[in-house]
Amino acid sequence: MGTLETWVVDLNDIFWTYLLIPLVAVAGVWFTLRSKGVQIRLIPEMFRVFRDKPQSGVSPFGAFTISAAARIGTGNIAGVATAITMGGPGAVFWMWMMALIGGASAFVESVLAQLYKVRDTEPGTYRGGPAYYMQKALGMRWLGVIFAVLITLTFGFVLTAVQSNTITVATKGSFGSDASWFNPVLGVALAALLALAVFFGVKRLTAVTKVIIPAMAALYLLVGLVIVLLNLGNVPGMLGDIIGGAFGFREVAGGAVGTAILQGVRRGMFSNEAGMGSAPNAAAAAETTHPVKQGLVQTLGVYFDTLVICTMTAFVILSANPTLGERGGADVTQAAFTSALGDWAGHLLTLVVFMVAFSSMIGNYYYGESNIQFITRSKSVMSTYRAMVVACAVLGAIGSVPLVWSLADVTMGAMVLVNLIAIIPLGAVAFRLLDDYLAQRRQGLDPVFRKDRVPGLRGEVECWGASDVDATPQERTPVGSR
């Protein structure tokens, strides 16, 4: 195991340092310049979109709150801890930069997912994502198949193991158990619960998570905010450590600039998913009057995830003076909660971790399922996939923290690479839609898109015909007259 772990970690560092981070940075900067900073200058518009009141379906604000609750997971709880312990406080600064620059990438990929979505089997429902815009816009089904395989590996298998590993680490922290049987037994128990959902479609199990997760997310934010307020006097010093560590002014163990950047970008992307290609799968399913609206909502989601939730977690962790240079996960955040409020807070975090991580395991499974369906409808393939997902829950529980997270970085990085290969040339399409959106806004209208408004769109656009929108531009109510 030690040799495998070393090999994966070394490969991972080379891949991210010399290929992925430069590409992510270049893509984000290019999208920012090409769109004239859409992710910054349209922040007021992002909040305006929330006021939309659709005749049916979920409102933009409702969709945002649901996605925000779903985002609070291992990336915010364990990922931030890993970034700080391995990259020092400066890693938090680079997480912020990843969010600000990556917001443009998140905008582009979500607009494209909306534009090239397809109708699902149920009336009024849609599906889509990178695999679909790779096939329909680029005419490269083979590239879509590669992406579908990568997202299945990343979310269906590796990130399921990450969630299981995080639950195990947090649970061991609560029970204080070092017994050799603890991890395998907990892994089997998690696998059994997951099997109920993926093999037998136990709707009650998934329905319960949908109700509890928003409550758990709100509880995490509330308790974390209390800890930050209790340490409010230390916040300026923490900010100094973050800025100083980002540029090497205050180097500490594991806090060199290169490591800070590496960990900050990795964990930032894992948490907010900007440019990764996963969020577009959900973005395509939303019902909206203009693809740009969903791009704006997705961008604001990136900010809320990283600039609000991850920052709060970072302040909580830094207030406890964590040990740097030794990789930690949920146990570091758990220790910080316990140090600030007592043992009950550590146990509470274990409950939150279990709920949000297990819910993510179910969500990860469905990401893989929908992309496998892009490739094949074979029932035997789907059954094999389900069995492997369940097995990954056990493997994640018994795996080491460095190995599990490094495997996640490798597969996630490959997924990001393929997605960026697609959205960089397709960015021009997203910006043509942005021009259409802003032109309608200058007329005082609430933008509605039809594909004939932007002639010569690249590839096949299945939706967005006259029958797919509620109103023509002449029939719409001007913004502000509602």
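These notebook entries record what I looked up in a predicted model of one protein.

**Entry 1: ground rules.** I number residues from 1 along each chain as its sequence is written. Because the model is predicted, local features need pLDDT of at least 70 and side-chain atom pairs count only at pLDDT 80 or more, while totals for chains, interfaces and linings use all residues; side-chain values use heavy atoms, with hydrogens and water left out.

**Entry 2: confidence.** I looked up pLDDT, the predictor's confidence in each residue, from 0 to 100. The protein averages 80, and 80% of the residues score at least 70. Over residues 471-478 the pLDDT stays under 50, and the model has 13 contacts there beyond four places in sequence. A contact means heavy atoms within 4.5 Å. Where pLDDT is low, the predicted coordinates should not be read in detail.

**Entry 3: the whole chain.** I found 18 helices and two strands. Both are DSSP runs numbered from the N terminus, helices being H or I with at least four residues and strands E with at least two. Of the 482 residues, 56% count as buried. Buried means under 20% relative accessible area, exposed over 50%, and partly exposed in between (1.4 Å probe, protein chains only). Among contacts with a separation of 6 or more, 82% are between residues 24 or more positions apart.

**Entry 4: around T288 and P291.** I located T288 in the loop between α13 (279-283) and α14 (291-319). T288 counts as buried because its relative accessibility is 18%. A polar atom of the T288 side chain lies 3.5 Å from the backbone oxygen of H290. Not counting residues up to four places away in sequence, T288 touches Q114, K293, Q294 and W464. P291 lies in helix α14, and it is buried at 0% relative accessibility. Leaving aside neighbours within four places, P291 is in contact with V111, Q114, L115, L433, F449 and W464. I also noted that P291 and L112 are 179 residues apart in sequence, yet 7.6 Å apart in space, C-alpha to C-alpha.

**Entry 5: salt bridges.** The rule is a side-chain nitrogen of Lys or Arg within 4 Å of a carboxyl oxygen of Asp or Glu. By this rule I record ten salt bridges. One of them joins the side chains of R441 and E45 at 2.9 Å, N to O. R441 is partly exposed at 22% relative accessibility, whereas E45 is buried at 9%.

A salt bridge also joins E462 and R119, at 3.7 Å, N to O. E462 lies in the segment after α18 and R119 in strand β1 (residues 118-119), so the pair ties together parts that are 343 residues apart in sequence. E462 is partly exposed at 27%, and R119 is partly exposed at 38%.

I then looked up R453 and D436, whose side chains meet at 2.7 Å, N to O. R453 lies in the segment after α18 and D436 in helix α18, so this pair ties together parts 17 residues apart in sequence. R453 is partly exposed at 31%, while D436 is buried at 8%. Finally, salt bridges that share partners join E45, R48, K293, R441 and D446 into one network.

Note on methods. Polar contact = N/O pair within 3.5 Å; in protein donor to acceptor, adjacent residues only side chain to side chain.
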